[in-house]
Each structure stands twice: as C-alpha cells, then as structure tokens.
Amino acid sequence: MKRKLFLALLLALPLGLMAQQKVAIVNTQDIMTVMPDVKTANDKLNELAKKYDADMNSMRDEYNKKVEAFTKEQATMVENIRLRKQQELQDIQNRIQQSYQAMQEDLQKEQQKLLQPIQMKIQASIKKVADAEGCAYVLEAGMLLYAGSSAIDLTSKVKTDLGIK
C-alpha cells in the first residue's frame, strides 16, 4: 500500500510542477507591423523591387519590339534567316525568364538579410521580458488555437522593451 502511494506521489509530482510554470503568449506579427526598423527594411525592398521591375520592363519592351519587327518581316525572309531569328527570340525570352528568377531570388535574400537582425532583436526582447516575468514557455499568439486566462500576453511589454508605442 505504501509503495502504491509513493508511486502515485512520484507520478503526480511532475504534473504539479508543470501546473506552477507560467505560460505566456506574444504576437510577433503585431510587433513587427509597428517597428520602424521593419518599415525601413520594407522601403529598401520596395526600392529594389522597383529597380528590378524597371529592368524587366525594359527587357520586355526590347523583346516586344523584336517580335513586332520579326512578324512584319518574316514573310519575306529566307528560311534559314527566319529560323535564326526565331531562335534569337526564344533565347531572349529564356534570358528574361532567367533574369526574373534571379531577381526574385535576390529579393528573397535581401529580405532575409534585412529582417534577420530585426527578428533576432525581437527574440532577445521576448527572452528578456519572459525571464523578468518568470515565464517557462512563450508561444506565438498567431498560431494558438486557444489561450486560457492564465496565459500571460507579453506583446505590449515586448513592444515597450523595444521602445515601440
């Protein structure tokens, strides 16, 4: 009998300890939408995207002019010249597609480069605030299906720590 009681107490001990640990939530999306650093990063990304759009539009305009010229002249062209011009148009189209993919990859890399320090800054602030509040776990609010009344929302305290109003 004593052995069963001891075993039951031993099994219940971790559950009792877990019930005493604080769980907090934080909404990092809400924080990021009001951070000046994020606005600056987005402005830089938009500027780069506009430059890439201008480059793409220039390449498309050049391609369209060549297609238009080819369409007008193809009836009078010798067979081998017509085939060579068609291949040239195909090559230009392939270069446009490759350039587009390269530009998209560059934008993603630049986004990662600009946002990573901001995310690390938020993460450090979350850790600082959670440690100060004595929280054992911090969960992302945007991914939770349910947060009970005992969960602490640290979003406003993290904003304050980061100097955001």
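Which residue in β3 is the bridge partner of Ile 25? Please describe the sheet around that pair, and then what packs around the sheet.

Guide: The partner of Ile 25 in β3 is Asp 153. A word on the basis: this is a predicted model, in which local features need pLDDT of at least 70, side-chain atom pairs count only at pLDDT 80 or more, and totals for chains, interfaces and linings use all residues. Residues are numbered from 1 along each chain as its sequence is written, and side-chain values use heavy atoms, with hydrogens and water left out.

Start with the overall layout. The protein has five helices and three strands. Helices here are DSSP runs of H or I with at least four residues, strands are runs of E with at least two, and both are numbered from the N terminus. Along the sequence the pattern reads α-β-α-α-α-β-β-α.

Now the sheet. It is open, has three strands in the order β2-β1-β3, and the pairing is parallel. β2 (135-140) and β3 (152-153) are the edge strands, each pairing on one side only. Two strands count as paired if DSSP finds at least two bridges between them. β1 and β3 are joined by two bridges, in the parallel sense. β1 and β2 also run parallel, with five bridges. As background, strands of a sheet pair through backbone hydrogen bonds, either parallel or antiparallel.

Follow the chain on from Asp 153. The next residue to look at closely is Leu 154. Contact means heavy atoms within 4.5 Å. With neighbours within four places in sequence set aside, Leu 154 contacts Ala 24, Ile 25, Val 26, Val 129, Ala 130, Glu 133, Cys 135 and Val 138.

Thr 155 belongs to helix α5 (residues 155-161). Thr 155 counts as buried because its relative accessible area is 7%; buried means under 20%, exposed over 50%, and partly exposed in between, with a 1.4 Å probe and protein chains only. The side chains of Thr 155 and Asp 153 make a polar contact of 2.7 Å. A polar contact is a pair of N or O atoms within 3.5 Å; within protein, one must be able to donate a hydrogen and the other to accept it, and residues adjacent in sequence count only if both atoms are side-chain atoms. Residues up to four places away aside, Thr 155 touches Ile 25, Val 26, Asn 27, Asp 30 and Ile 31.

Thr 28 lies in helix α2. Its relative accessible area is 18%, so Thr 28 is buried. Its side chain makes a polar contact of 2.6 Å with the side chain of Glu 140. Sequence neighbours within four places aside, Thr 28 is in contact with Ile 122, Ile 126 and Glu 140.

Next, the packing. A nonpolar core is a set of buried Ala, Val, Leu, Ile, Met, Phe, Trp, Tyr and Cys residues joined through side-chain atoms within 4.5 Å. The largest such core has 20 residues, and Ile 31, Met 35, Ile 118, Ile 122, Leu 154, Val 158 and Leu 162 touch the most other members. β1 (22-26), α2 (28-34), α3 (36-73) and α4 each give two or more residues to this core. The most come from α4, with seven residues. A second, separate core has ten residues, including Phe 70, Ile 92, Met 103 and Leu 107.

α4 has a kink of about 35 degrees at Leu 115, shortly before the proline Pro 117. That bend is the angle between axes fitted to the seven residues ending there and the seven starting there. Just after α4, Gly 134 takes a positive phi of about 75 degrees.

Last, the loop between β2 and β3. Ala 147 is found there. Ala 147 counts as partly exposed because its relative accessibility is 35%. Its C-alpha atom is 8.9 Å from that of Ala 24, 123 residues away along the chain.
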